[in-house]
Amino acid sequence: MTPRADWIPPALLLAIALAGLALIGNPSTWVTLTVAGLAMGLLIFTMSSGLTLVFGLMDVMNFAHGLFIAVGAYVAASVMKLFSAAAGSESFLANVGALAAAMLAAIVIAGLLGLFFERVIIKPVYGQHLKQILITTGGLIVAEQLIHVLWGPDLLPLPRPSTLRGSFLIGDMAIEKYRLVAVVLGLAIFGAMMVVLNRTRIGLLIRAGVENKEMVEAMGYRIRRLFVGVFVAGSALAGLGGALWGMYQESVTVAIGAQMMVLIFIVIIIGGLGSVGGCFVGALLVGLVANYVGYLSPKIALGSNILLMVLVLLWRPQGLYPMNRQ
Amino acid sequence: MAGRPVPDALLALKGVHTHIGRYHILQGVDLAVPRGELTMLLGRNGAGKTTALRTIIALWRASKGSIRFETNDIASWQTPAIADLGIAYVPESMGIFTRLTVRENLLLAARRGPPDETRLEWIFRFFAPMKKFWHLPAGLLSGGQKQMLAISRAMVEPRKLVLIDEPTKGLAPAIINNLIEALTELKNTGTTVLMVEQNFHAARSLGDSVAVMDAGRIVHSGRMADLAEDKALQNHLLGLSLESHQ
C-alpha cells in the first residue's frame with residue numbers, strides 16, 4: 001500500500017495558469033505575467049512560511065510578523081547604500097557580493113529581533129490568543145515608530161544591483177532579470193525547507209509538533225526550545241523576504257510589513273494553518289491571481305485575493321492542506 | 001484501604017490533588033506502583049484515572065501532594081524532564097502523528113538514536129502490521145493498528161515505567177488478545193507498567209496489582225488476583241459511591 005499524495009491543489013495552480021493563458025490571449029504577455037506572479041508568490045512564501053509554522057507549533061498569532069519584513073527591507077536598504085559602489089558597478093561578482101551582504105544582514109538582524117521579540121513579547125502570552133493579538137499588534141505599532149526614529153519617515157530607495165536591472169528579451173517576451181532571481185531564490189528556499197522538514201530529525205520534530213505538541217513533550221522533547229528556533233528562523237526568513245520584496249519594488253516605506261501582512265494571512269489561511277506545502281501552493285495561487293487579474297481587470301485586482309480565499313475556504317474550509325492538529 | 005505499604009515502589013503518589021479549571025478532579029490520591037509489576041488502575045468513568053496518568057507525566061499539574069519516581073519528587077517537573085527519566089506515556093487518544101509514517105513515529109520515540117533492529121523485530125513479532133506498513137502514513141492505519149503503533153512507540157526502547165490509558169478501548173477481541181500478549185512480554189522484560197483499563201478480562205489477564213479509583217481518590221489497592229477472585233468485592237467497588245455522582 002502506498003500513500004496517496006493530494007495533487008488537486010497543484011493541479012488547481014496549473015488550471016489557473018492555463019485559464020490565465022486563455023483569458024489573456026497573448027502568450028508573451030502571459031509568460032511575463034506568469035513569471036511576475038511566480039516571483040511575487042515565492043517572495044510571499046518566503047515571508048509567510050515561518051508564520052505558518054509558528055502558528056502550527058504553538059498556536060501563536062503573531063500580528064507583528066510584518067515588523068521583521070520591514071526591518072529586513074530597511075537593513076537591506078542601508079547595506080545597499082553602504083555598498084552602493086559595488087551594487088552600481090558593472091561587475092557581476094561585485095553586484096552579487098553587495099546583494100549577498102544585504103540579504104545576510106537582513107537575515108541576521110531580523111533573526112535577532114525575532115529572538116528578542118519571542119522572549120520579551122510572545123513568551124508571557126503563550127496560550128492566550130486575545131492577548132497575543134493585542135500585544136503583537138501593539139508591538140508592531142511601537143516598532144514602526146522606532147523605524148521612523150532610526151531611518152526617518154521618508155521613502156527609502158532600495159535599488160537593485162546593476163546587473164539585475166532590465167529584462168531578458170526572448171522574441172516578444174520580456175522577463176525581468178530580478179524576477180527570475182526571485183523565482184530561483186524562492187524555489188531554493190522552498191527546497192531547503194522541504195529537505196529540513198522531511199530529511200532531518202529537527203524537521204521530524206517540527207512536523208510532529210505541529211500535529212500534537214503535547215505528545216512530542218511526553219516523548220521528552222523540549223517543544224518550547226524548538227519553537228524559539230522556528231520563531232527565529234521564521235523571523236529571519238521574513239527579513240530576507242522583506243529585503244527581496246523591497247528590492248522588487250525598489251523602495252521601502254515603514255508600511256511595507258503591514259501591507260504584506262494582508263497577503264500573508266490570506267496565504268497561510270488558504271494553505272492550511274501550519275502547512276508549509278499549503279503555504280507554498282497558496283502563495284503561488286495568490287501571486288498568479290494578483291498578476292492575471294491586475295492585467296485583465298485592474299479595478300477588481302485588490303479584492304481578487306480575498307475572493308480567492310473565500311472560494312478556497314468554501315471548497316476546503318480548513319485550507320488546501322489541513323493539518324489535523326490535536 | 002488506600003496506601004497499602006509496598007516495599008519497593010518505583011512510583012508513589014501521596015496526597016495528590018489536581019484542579020482543571022474550576023474542577024477539583026484528583027482529591028488526595030495515594031498510589032504506589034511496585035517496581036517490575038503491572039498495576040491496573042480501575043474505576044468508573046469520571047473517577048479520575050486519566051487525570052492521574054496525565055498528572056504523573058505533568059500534562060496537567062498537581063496542585064498539591066508529592067509524586068515520587070525512584071528518588072526524585074517530580075511533582076513540579078516539566079513533562080520532557082519526566083519523560084527523560086525513562087517514562088513513556090500512551091494516551092487514550094493514542095497520540096500518534098498521523099502525517100508521519102510508522103517508521104517516523106518510531107524514530108521519534110527512540111530517544112537514544114535509531115531504533116535497535118533486534119528490538120524492532122521483537123515488536124514486529126506481536127505487531128506484524130507495523131513492519132508491513134513501515135512507510136505508510138500512520139493516519140491511514142486502522143484503529144487497532146494505530147493502537148499497536150502507540151504501544152510500539154512505548155516499547156521501542158527500554159523504559160522504566162510505561163503509563164497506558166485504556167489501550168483496548170473500541171478494539172476487536174482478536175486485537176485485544178494481541179495487545180495482551182505484547183504487554184505480557186513487556187512486563188516480562190522487567191518494565192513497570194501503570195495501566196488504566198475498563199476491560200476486566202484484559203485487566204485480570206495482565207494485572208499483578210490493582211488500585212481502584214472513585215471520585216478522585218484511591219478507594220482500594222491490593223493484588224489483582226485477590227480482586228479477580230472476590231466477586232463481592234468487585235461488585236462493591238465497581239458499584240461504589242454511585243450516589244456521589246448523582
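**View 1. Where helix H2(A) meets helix H7(A).** On the H2(A) side of this predicted model, the residues that make the contact are Val35(A), Ala36(A), Leu38(A), Ala39(A), Leu42(A), Leu43(A), Phe45(A), Thr46(A) and Ser49(A). Facing them from H7(A) are Arg179(A), Leu180(A), Ala182(A), Val183(A), Gly186(A), Leu187(A), Ile189(A), Phe190(A) and Met193(A). Sort the residues of this contact by type and you get 14 nonpolar, three polar and one charged.

**View 2. How H2(A) and H7(A) cross.** Two packed helices are described by the angle between their axes and by how far apart those axes are. Here the helices are H2, residues 27-58 of chain A, and H7, residues 177-199 of chain A. Their axes come within 8 Å, with a crossing angle of roughly 40°. That angle makes H2(A) oblique to H7(A). As for handedness, the crossing of H2(A) and H7(A) is left-handed.

**View 3. Chain A as a whole.** Stepping back for a moment, chain A has 13 helices and four strands. Its radius of gyration is 20 Å, close to the 20 Å that the globule rule gives for 326 residues, so chain A is as compact as a globular protein of that length. Along the principal axes, the C-alpha trace of chain A spans about 60 × 50 × 35 Å. Of those 326 residues, 49% count as buried. Now take the contacts in chain A between residues at least 6 apart in sequence: 77% of them join residues at least 24 apart.

**View 4. Leu23(A) in helix H1(A).** Zooming back in, Leu23(A) sits in helix H1, which covers residues 8-24 of chain A. Leu23(A) has 13 C-beta neighbours inside 10 Å, so it counts as partly exposed.

**View 5. Where chain B touches chain A.** This contact takes 21 residues from chain B and 16 residues from chain A. On the chain B side, the elements that give two or more residues are helix H2 (79-84) and helix H3 (102-109) of chain B. By type, the residues on that side of chain B divide into 14 nonpolar, three polar and four charged.

Note on methods
Residues numbered from 1 in each chain as written. Chains lettered and ligands numbered in written order. Predicted model: local features only at pLDDT ≥ 70, side-chain atom pairs only at ≥ 80, totals over all residues. Axes fitted to C-alpha atoms, helices over the stretch in contact; angles between N-to-C directions. Parallel < 35°, antiparallel > 145°, perpendicular 65-115°, else oblique. Left-handed = near helix turned anticlockwise from the far one by under 90°. Contact = placed C-beta atoms within 7 Å. Nonpolar A, V, L, I, M, F, W, Y, C, P; charged D, E, K, R; others polar. Rg over C-alpha atoms; globule rule 2.2 N^0.38 Å. Buried ≥ 20, exposed ≤ 12 C-beta atoms within 10 Å, placed from the backbone.
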